[in-house]
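Please open the model in your viewer and keep the selection panel at hand.

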Amino acid sequence: MKRRDILKLAGAGGVLLLSGTAAAGDTQGMASNDDALGVLVDTTVCIGCRKCEWACNQANALSSRDSKAFEDKSVCRKQRRPVDDAFTVVNAFDGRRSDGEPSYMKIQCMHCFKPACVSACLVGALRKTPEGPVTYDSWKCMGCRYCMVACPFQIPAYEYSDPLTPRVRKCTFCAERLGEGKKPACVEICPNEALTFGKRRDLVMLAYSRIRQFPDRYVDHVYGENEAGGTSWMYLSPVDFTKTELPALNSRPIPEITETIQHGVFRWFVPPVLLYGILGLSMISMKTGDQDKKEDDNGA
Amino acid sequence: MAHDVAAPVQAPFFTTGTRILAAIAGIGIAVYIFRLIAGLGMVTNLDNQYPWGLWIAIDVACGVALAAGGFTTAALVHIFHQEKYHPVVRPALLTALLGYTFVVIGLLADLGRYYNVWHPMIPFMWQGNSVLFEVGICVMIYLTVLYIEFVPIATERFKGRVHLLGRLSVFDRLIEWAITLADKTLGRVMSLFIIAGVVLSCLHQSSLGTLMVIAPTKMHPLWYTPMSPLLFLLSAIAVGFPMVIFESILASRSFKLKPELDILSGLARFIPVILGLYLSVKIIDLILRGAWVYLFDGSPASLMYFLELGGGVLLPLIILMIPKARGSVGWLFTAAALVIGGVALNRINVFLVAYTPLYATKTYFPSPFEIALTAGLIALLVLAYRAAVMIFPVIALPAGVRPMVVENKNKALAGA
Ligand code: SF4
Ligand code: SF4
């Protein structure tokens with residue numbers, strides 16, 4: 001083989017071209033947008049009425065839609081997780097209230113700015129929209145469940161019981177309703193205004209003004225402002241967040257390291273092409289020093 | 001080269017061993033069909049906490065790692081021209097080809113929507129941030145390359161021997177011509193494919209190690225490291241030759257051939273070097289990250305780590321440093337098996353043991369169905385290998401053996 005051949009292949013090598021798309025992808029579609037929408041959850045206001053759970057099931061046509069089923073507050077103590085047939089749950093936690101009652105925290109997808117699930121999904125079935133919601137296209141999905149491995153909040157749930165068309169299920173941030181100019185179903189129904197919907201930038205300001213106004217009521221921390229690179233949904237809490245079920249995370253986006261590695265390995269296709277070239281050259285040079293060997297032994 | 005003539009092995013396909021394997025494979029196939037009909041929930045112990053289980057850890061991650069003999073021997077012989085090792089290239093290629101084929105079959109069982117497995121090939125779905133995308137694309141292309149590399153072996157088998165039955169025999173010439181053409185064309189460009197195979201292997205072997213780096217809060221610190229891709233690549237390279245040795249000894253035992261000790265102990269000389277490199281990177285990484293403190297907390301994870309490193313890396317490294325051990329079939333086999341076990345354990349550790357869900361309410365253990373399917377696929381792989389070496393010229397028979405076999409065959413034909 002001549003050197004020219006190697007270069008030709010390097011140029012035309014579909015192999016390297018394909019793998020090289022990693023370099024082009026970058027953080028496209030994941031950039032934080034100041035105008036992005038979000039929700040501020042004020043756990044000091046939430047009364048654990050579970051109306052948001054019911055409204056969510058309604059909006060997403062999930063199976064449990066009888067409002068009576070949501071009157072039982074005791075399940076809140078069970079530390080439930082969102083599942084394929086319930087995208088949001090309200091869990092009780094000890095918020096040190098003077099009346100001894102528990103505080104409540106609504107759990108759902110955080111709609112991260114740099115979502116690990118989106119970065120993980122190999123076919124782009126999950127997508128961070130500029131408006132805020134992280135959406136899912138079931139027809140693209142392969143069902144590999146890497147998104148579930150990746151999510152730092154353990155949110156995506158899978159329809160394991162469906163043999164043919166299982167979907168990844170999670171809060172959609174009511175992307176369709178937002179498109180129609182409506183609020184998310186849970187926000188709309190909340191009787192106590194524990195959930196505030198708006199531009200995320202405004203919500204951060206709102207959160208800090210509440211903290212400033214009522215320093216005794218809140219810890220000085222807006223969860224989600226910076227966690228995992230920032231999330232569209234944010235929380236206020238009466239106690240340190242380490243005492244809630246939200247995971248302690250620093251401000252580094254979860255997919256940062258894997259994306260750095262991927263884009264490093266494929267920077268302008270250089271490393272793979274270089275490796276190809278080096279191997280090709282050693283193949284040739286070590287061969288010329290070895291003239292008496294058979295020529296036709298390749299591939300055997 | 002006299003020692004270099006590969007030929008189809010003549011042996012009875014069915015023995016007690018293969019019958020047992022066939023039974024295990026049969027159960028596995030039944031479970032596979034059941035999985036496709038009944039869904040993941042019925043068959044596996046996977047849930048929202050543990051989205052990945054045995055099938056990803058063994059069928060996919062171990063499968064890819066243990067198929068690494070294909071690219072390491074190809075590099076050794078075709079790129080670095082260590083012609084002495086030529087006889088092991090074909091068996092290693094066949095292992096890789098079957099190994100990757102079964103990785104895909106195993107993966108299909110795990111995918112919720114297996115019929116969408118081709119989606120990563122559609123350009124508008126490409127998602128270059130995803131490690132899994134790269135793994136998927138590389139594996140797909142590499143599998144194709146492996147089949148291309150196998151073509152000369154298949155044509156060698158059929159060249160000059162095309163005899164279709166009855167009327168179809170008019171096509172004999174045409175097919176003969178097509179085979180010759182394919183052979184000639186491929187012969188010229190095969191080097192390009194061989195190098196591509198090595199590059200692709202390096203890419204996806206390492207990327208398999210990057211996969212779990214996206215879950216920093218769920219991974220045990222002993223295995224959570226940004227160095228993981230390098231460690232995966234090194235361990236894949238390290239397990240390549242041991243796989244070749246392991247299989248070669250097994251095959252020669254099974255087919256009653258003499259093991260090619262000269263070649264195998266030659267290969268074994270490389271292993272301690274790579275293992276040593278792997279071990280030092282692993283230790284340096286543990287120290288730099290400060291994760292070594294977890295080694296001594298007596299937890300199951302720490303025990304698994306010791307087992308992985310002590311039994312699977314250090315021990316075979318020591319054994320293979322001893323020239324006498326490298327010259328003994330028994331020790332070679334033991335050391336090779338240890339390395340294989342160590343790398344397999346590493347993959348299991350990374351994908352299963354190190355993974356703890358944030359809100360764990362249970363621990364994952366594979367269901368009997370999951371185990372049966374995995375065991376079935378492994379059994380089927382071994383059977384496919386046996387069938388392939390009996391059909392195609394893969395295993396190099398020592399100069400003395402081949403004529404005898406041919407002679408026997410001629411005798412048998414004459415008798416018939
Ligand atoms: S919380 Fe999880 S599922 Fe939701 S956007 Fe973030 S990574 Fe994705
Ligand atoms: S399960 Fe579907 S959505 Fe999740 S990463 Fe895989 S292909 Fe993407």
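Begin by displaying chain B and chain A together: across their interface the rule finds one salt bridge, a term for a side-chain nitrogen of Lys or Arg within 4 Å of a carboxyl oxygen of Asp or Glu. Before going further, note that this is a predicted model, in which local features need pLDDT of at least 70 and side-chain atom pairs count only at pLDDT 80 or more, while totals for chains, interfaces and linings use all residues. Residues are numbered from 1 along each chain as its sequence is written, chains are lettered from A and ligands numbered from 1 in the order in which they are written, and side-chain values use heavy atoms, with hydrogens and water left out.

**Stop 1: the interface**

Select A:Arg145 and B:Asp110, which form a salt bridge whose closest N and O atoms are 2.9 Å apart. Helices H1 (16–38), H2 (40–43), H4 (69–79), H5 (86–110), H6 (131–158) and H7 (172–210) of chain B each give two or more residues to the side that touches chain A; helices (H or I, at least four residues) are DSSP runs, numbered from the N terminus. Colour H7(B) next, as the largest share of this side, 14 residues, comes from there. By class, the side of chain B that touches chain A has 50 nonpolar, 19 polar and nine charged residues. Here Ala, Val, Leu, Ile, Met, Phe, Trp, Tyr, Cys and Pro count as nonpolar, Asp, Glu, Lys and Arg as charged, and the others, Gly among them, as polar.

Now select both sides: 78 residues from chain B and 79 residues from chain A take part in the contact, meaning heavy atoms within 4.5 Å. The buried area is about 6,700 Å², with carbon and sulfur atoms giving 64%; this is the accessible area (1.4 Å probe) that two parts lose on being put together, summed over both.

**Stop 2: ligand 2**

Which residues are around ligand 2? They are A:Cys121, A:Val123, A:Ala125, A:Leu126, A:Tyr136, A:Cys141, A:Met142, A:Gly143, A:Cys144, A:Arg145, A:Cys147 and A:Val168, where a residue is near a molecule if one of its heavy atoms lies within 4 Å of it. This shell has 10 nonpolar, one polar and one charged residues.

**Stop 3: ligand 1**

Of the 13 residues around ligand 1, select A:Cys109, A:Met110, A:Cys112, A:Cys117 and A:Cys151, which come nearest. By class, the shell has 11 nonpolar, one polar and one charged residues.

**Stop 4: an aspartate in a loop**

Select B:Asp47, in the loop between H2 and helix H3 (54–66) of chain B. Is B:Asp47 buried or exposed? B:Asp47 has a relative accessible area of 18% and is therefore buried (buried means under 20%, exposed over 50%, partly exposed in between, with a 1.4 Å probe and protein chains only). Leaving aside neighbours within four places in sequence, B:Asp47 is in contact with A:Met148, A:Tyr160 and B:Lys362.

**Stop 5: salt bridges within chain A**

Select A:Arg50 and A:Glu53, whose side chains meet in a salt bridge (3.0 Å, N to O); both residues are buried. Move on to A:Arg252 and A:Glu256, joined by a salt bridge with its closest N and O atoms 2.7 Å apart. A:Arg252 is partly exposed, at 46% relative accessible area, and A:Glu256 is also partly exposed, at 30%. Finally, select A:Asp35, A:Lys199 and A:Arg201, which salt bridges with shared partners join into one network.
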